[in-house]
Amino acid sequence: MIRFHYSNIYDMNLARWLGCVWNIINETQGKAYSSQIQLVWNEREKIIKPSFQRLKLILPSVVTGYIVSAWDGMTAFSDPLTIPIYENNKMAIVKIIHELVHTCLSYEKNKEIKDSIYSHLNEKYASESRAVRIHIAVNSLQEAVMQNSQDLLQLLEK
């Protein structure tokens with residue numbers, strides 16, 4: 001489902017936009033991390049994917065996950081799926097799941113579920129910002145994915 005990829009062009013541009021300096025070591029680290037996190041993800045994906053399915057969320061068949069350097073001010077985001085290099089694989093997997101929930105909610109095949117969730121949240125939390133309402137949904141779904149993946153907690157410790 002997720003194919004992690006390091007793109008030096010993407011990383012260079014992010015560095016420039018964030019006022020950071022890119023050099024060749026960033027590419028070396030990015031490529032190594034991309035391979036490492038792919039192995040970590042592949043082992044966990046078998047447990048995570050059914051949890052999304054139990055929630056009736058359809059995952060895109062393939063998602064490219066871009067790996068970038070951990071620039072100051074850099075955070076993971078969902079479109080395109082972008083993950084900075086994390087020292088801790090547990091944190092990386094939690095962030096990937098969070099961003100994958102965002103990706104699912106923006107996926108056209110999940111429009112009915114998304115509309116239903118947001119309709120309820122827009123009514124119940126009308127005084128909250130759009131970002132807060134979106135993250136109530138995302139964080140709730142992320143928690144459900146992780147709880148449904150009972151073996152995930154053990155795998156996160158590896």
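Let's start with lysine 56, which sits in the loop between H2 and S2. Those labels are simple: helices (H or I, at least four residues) and strands (E, at least two) are DSSP runs, numbered from the N terminus. Residues, too, are numbered from 1 along each chain as its sequence is written. This is a predicted model, where local features need pLDDT of at least 70, side-chain atom pairs count only at pLDDT 80 or more, and totals for chains, interfaces and linings use all residues, while side-chain values use heavy atoms, with hydrogens and water left out.

Back to lysine 56. Is lysine 56 buried or exposed? Its relative accessibility is 62%, so lysine 56 counts as exposed. Here are the cut-offs: buried is under 20% relative accessible area, exposed is over 50%, and partly exposed is in between (1.4 Å probe, protein chains only). Now the backbone. Phi of lysine 56 is near 65°, a positive value in a residue other than glycine. Most residues other than glycine have a negative phi, and most peptide bonds are trans.

Which two residues does a cis peptide bond join? They are aspartate 79 and proline 80, with omega at about -5°. Proline 80 is in the loop between strand S3 (77-78) and strand S4 (81-84).

One more loop residue. Serine 61 is in the loop between helix H2 (24-54) and S2. At 64% relative accessibility, serine 61 is exposed.

Now the whole chain. How many helices and strands are there? The chain has six helices and four strands. Follow the sequence and you read β-α-α-β-β-β-α-α-α-α. The radius of gyration is 16 Å, close to the 15 Å from the globule rule for 158 residues, so the chain is as compact as a globular protein of that length. For that, the radius of gyration is taken over C-alpha atoms, and the globule rule is 2.2 Å times the number of residues to the power 0.38. The C-alpha trace spans about 50 × 35 × 25 Å along its principal axes.

What share of the 158 residues is buried? Buried residues make up 42%. Next, contacts, meaning heavy atoms within 4.5 Å. Take contacts between residues at least 6 apart in sequence: 72% of them join residues at least 24 apart.

The chain exposes about 8900 Å², and carbon and sulfur atoms supply 52% of that. Accessible areas come from the Shrake-Rupley method with a 1.4 Å probe; for residues, only the protein chains shown count as cover.

Charges next. There are 17 positive and 16 negative side chains, and the centres of the two sets lie 4 Å apart. Lys and Arg count as positive, Asp and Glu as negative; His and the chain ends are not counted. Each charge is placed at NZ of Lys, CZ of Arg, CG of Asp or CD of Glu.

Let's go inside. Glycine 30 is in helix H2. Its relative accessible area is 0%, so glycine 30 is buried. What does glycine 30 contact, leaving aside neighbours within four places in sequence? The answer is Tyr6, Ile67 and Ile85.

Look for alanine 92 in helix H3 (residues 89-106). Not counting residues up to four places away in sequence, alanine 92 touches Tyr33, Ile37 and Tyr86. From alanine 92 to isoleucine 37 is 55 residues along the chain and 8.2 Å between C-alpha atoms.

Last stop: aromatics. The structure holds one aromatic pair. The rings of tyrosine 10 and tyrosine 66 have centres 5.2 Å apart and planes at 70°, so the pair is edge-to-face. The rule covers rings of Phe, Tyr and Trp (its six-membered ring): they pair if their centres lie within 6.5 Å, with planes under 30 degrees apart stacked, over 60 edge-to-face and the rest tilted. Why does this pair tie together parts that are 56 residues apart in sequence? Because tyrosine 10 lies in helix H1 (residues 8-17) and tyrosine 66 in strand S2 (residues 63-68). Tyrosine 10 is buried at 17% relative accessibility, while tyrosine 66 is partly exposed at 25%.
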